Each structure stands twice: as structure tokens, then as C-alpha cells.
Amino acid sequence: MSKVLGLSFGRKMSNCEVMVKQALMTCQEAGHEIRFIRVNDLDLKDCTGCIACVLGMIRGGKGGCVLKDDCHIIDDAIMDCDALIFGCPTFEMTPTGTFKTLCDRLGPSHDLSFRKVAIEEGLAAGKDPDKLPDQRCLKPRVGAFFSVGGAMTKNWLAFMLPTMYCLTLSMGIDVVDTYEYHGAMAHYHVVGNQPVMDRMTEMGKHVVDALAHMDDEEERRRWRGDHEGVCPVCHCDLLTVSQDKKTIECPVCGSYGTFTVEDGKLIAHFTEAEQARSRLRYAGKLEHSTEIKTCAAGPDQLPNVKELLKPYQWE
Ligand SMILES: Cc1cc2nc3c(=O)[nH]c(=O)nc-3n(C[C@H](O)[C@H](O)[C@H](O)COP(=O)(O)O)c2cc1C
């Protein structure tokens, strides 16, 4: 039996909540333990950008957040779970502010490449494991998520799925399925929209299947979504085009690629090496944590900073 956590960022008993619960109930029927959190009920303060969490980890500590609120409830629930299913409404083409707040609060502080190194170095130095980052972060986890948008036109949800990866990528959660429910305003409530409810049952089944293969990385990670997308790693459809218009980049993964046009279709090509350095994978995360550790300038680089800032000391 595994633990499946469901998070809804929508209104109480509205579309997202019922959809998450439908997927969770499917997992429960398969014998898993489920837990549901309505994120909007919690007190979540915005990240102030103090970076005490990352600095704490780099200096060999636990890397906790200094803010006092309910974030620890979700943090502990995610660390405890084996699978995470979440749904978020579309607000202005992107996930809600609360969703982004949670990503900011958990992103850098839960980055697997920071945490793994901090834990390994700390244990090797004989430190008390309780004073190091939560070691449950090292266990494999799978995830699935969906967006909900009222708009009938799909492009009003344009930045949803790519942005929703921000909740899973730093923690290294292997996303096996995503789904976009657009046109929600044409239905009084999703509970009366059977195809979408069935798709949530399917999402639950995909998570159950992935949970049956936790020790087999390839099978655990296997994409179970309906849509292959242009990127073979995140399966999203968004591309950034280079200024010279010759190359492309997946903005979710940060992988560079090329493209060809065959029979009028744009075909994106990402080499195995570029796929491996996706920030959804450990190598991509390590690349970023290394650049932070090696390139970040300290105050000694600008000894006259106080003087330079003087003209701006006003409000
Ligand atoms: C402030 C605000 C902005 C919204 N912007 C969009 C949008 O850009 N695209 C869209 O498809 N729906 C948009 N919607 C509609 C919601 O995504 C929709 O009502 C959704 O069902 C809410 O999820 P819930 O029912 O789980 O609470 C917006 C709603 C609100 C309140």
C-alpha cells in the first residue's frame, strides 16, 4: 500500500476538488491510502526571497523556511506521500497566485540536487540526521496533474501545464500524466461531465500503475498521458524559438533542440543528451545548483556597495 496525496487549488467542492477526489478514490479502490488537502484553506505566506533555505542547506543545515504559517502541513504531506495528484484553476492563462506561492516556497528549498548533496555530505561528516534536510525527499515519487479553465478556447489555458511543472520539478517527482480541462463554463459542474470524470478515473489508474513500478525507474517514469506533445520529456507543446530562428528550446525542461518541417508539420528534435539534461531530471537540476554554488557573487565583489546604493535610499 502506498500513500497518495491530492491537492486542490480550486474552490471548495468545485471542479478541481471533485476531479482530484475522483482520481484519489480510484487510488483508494486499488488499495492505497489517500489524503486530500484544499490548499486555499491554509495560511500560505508569499516567499520573501530571503534565500535562508538554500543558504542554510549550502552551509550544512536543514534548509528550513523562516516564515511561520501552514506551509509545513503541505511540506510534510508531500514528503510523506509516494504519489501526488493535483489540480489548479486557470487565472489569467496561468495557475493561481496561491499555486505559484507554493511553488516558490517549496522550489529552491526542496531542490533534490541541493538536498541530496547536503544530506550525503552531512551524514559523511557524522552530523545528526535530524539537523539535515528531510531525508524522505530521496525516495522516488510519482505525480499527475491537471488544469481547469472556464474558457471554451484552449489557448486561454496556454501557460497552465508548463507552469504546473514548477511544483514537481525541483523535488524530482516523476510526472506520468497531465490533462487539460478547458470549456468548464459550458458545464454547471464537472460532476455532470462524465467524459472528464472518466478521465480523472483514468488519471488515478495511471498513478496506480506507476506505483506498481517504483523500483524500476524507466517503467515508473513511463508517460501515460493521452498526448505526446512536442517535448519528449515533459510532453508539453510550448517552444521557445532562438533569436536567429534556427533552434528551439523547451521552456519547461531547458533542453535545446532543432526542428524540421515535414509534410507541413513542425517536428522538434531533442538529442538524448539534451533530454538527459532536462531540469526534470537530476542532471539538469545538478547543472543549476552547481551554477548557483559556483557563480553567485558575494559582497566582497562590490566593497563600495553601500555608497553606490545611497542615491536609491528613499521610499
Ligand atoms: C480571476 C479569474 C481569472 C480567470 N481566468 C481564466 C483564464 O484565463 N482562462 C480560463 O480558461 N478560465 C479562467 N477563469 C475561470 C476558472 O479557471 C474556472 O472558473 C475554474 O473552473 C475554476 O476552478 P474551480 O471550479 O475548481 O474553482 C478565471 C477565473 C477567475 C476567477
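How many Å should the 13 residues of α5 span at 1.5 Å a residue, and how far apart are its end C-alpha atoms? The first legend takes up that question. The model in every view is predicted.

**View 1. Helix α5, end to end and inside out.** Helix α5 runs over residues 112-124. Its 13 residues should span 18 Å at 1.5 Å a residue. Now look for the buried residues. In α5 they are Ser113, Phe114, Arg115, Ala118 and Gly122. What covers them? The cover includes α2 (52-58) and α10. Just after α5 comes Gly126. Its phi is positive, at about 80°.

**View 2. Pro108, a buried residue in a loop.** Find the loop between α4 (97-106) and α5. Pro108 sits there. Is Pro108 buried or exposed? Count the C-beta atoms around it: 20 others lie within 10 Å. A residue is buried if that count is 20 or more, so Pro108 is buried. Which residues does Pro108 touch, once those up to four places away in sequence are set aside? They are Cys53, Val54 and Ser170. For a sense of distance, pick out Thr247, which is 139 residues from Pro108 along the chain. The C-alpha atoms of Pro108 and Thr247 are separated by 29 Å.

View 3. Helix α10 covers residues 282-295. It has 14 residues, which should span 20 Å at 1.5 Å each. Its end C-alpha atoms are 20 Å apart, so α10 agrees with expectation. Three names to find are Gly284, Lys285 and Ser289, the buried residues of α10. Seen down the helix axis, these buried residues fall within an arc of 130°. They therefore line one face of the helix. That buried set packs against α5.

**View 4. Where the two domains touch.** The chain is divided into domain 1 (3-227) and domain 2 (228-295). Their centres, taken over C-alpha atoms, are separated by 22 Å. How many residues of each domain are in contact with the other? Domain 1 gives 14 residues, and domain 2 gives 15. On the domain 1 side, α5 and α6 (160-164) are the elements that give two or more residues.

**View 5. Cys236 and its contacts.** Cys236 lies in the loop between α8 (217-221) and β7 (240-241). Around it, 22 other C-beta atoms lie within 10 Å, so Cys236 is buried. Leave aside its neighbours within four places in sequence. Cys236 is then in contact with Leu161, Pro162, Gly229, Cys231 and Val252. Cys236 and Ile34 are 202 residues apart along the chain. Their C-alpha atoms are separated by 28 Å.

**View 6. The shell around the ligand.** There are 18 residues around the ligand. Which of them come nearest? They are Gly10, Pro89, Gly149, Gly150 and Ala151. Both α1 (15-29) and β3 supply at least two residues of this shell. The largest share, 3 residues, comes from β3. Sorted by class, the shell has 9 nonpolar, 7 polar and 2 charged residues.

View 7. Begin with Glu92, in the loop between β3 (83-91) and β4 (94-95). Its phi is near 55°, a positive value in a residue other than glycine. Is Glu92 buried or exposed? It has 9 C-beta neighbours inside 10 Å, so Glu92 counts as exposed. Next, find Asp263 in the loop between β9 (255-262) and β10 (265-269). Phi of Asp263 is near 55° and positive, and this residue is not glycine either. Asp263 has 5 C-beta neighbours inside 10 Å, so it counts as exposed.

Technical notes. Residues are numbered from 1 along each chain as its sequence is written. This is a predicted model: local features need pLDDT of at least 70, side-chain atom pairs count only at pLDDT 80 or more; totals for chains, interfaces and linings use all residues. Helices (H or I, at least four residues) and strands (E, at least two) are DSSP runs, numbered from the N terminus. A residue is buried if 20 or more other C-beta atoms lie within 10 Å of its own, exposed if 12 or fewer, and partly exposed in between; C-beta atoms are placed from the backbone. Domain bounds come from an automatic or database domain assignment. Two residues are in contact if their C-beta atoms, placed from the backbone, lie within 7 Å. A residue is near a molecule or strand if its C-beta atom, placed from the backbone, lies within 6 Å of it. Ala, Val, Leu, Ile, Met, Phe, Trp, Tyr, Cys and Pro count as nonpolar, Asp, Glu, Lys and Arg as charged, and the others, Gly among them, as polar. The expected span of a helix is 1.5 Å times one less than its number of residues. The arc is that of the directions from the helix axis to the C-beta atoms.
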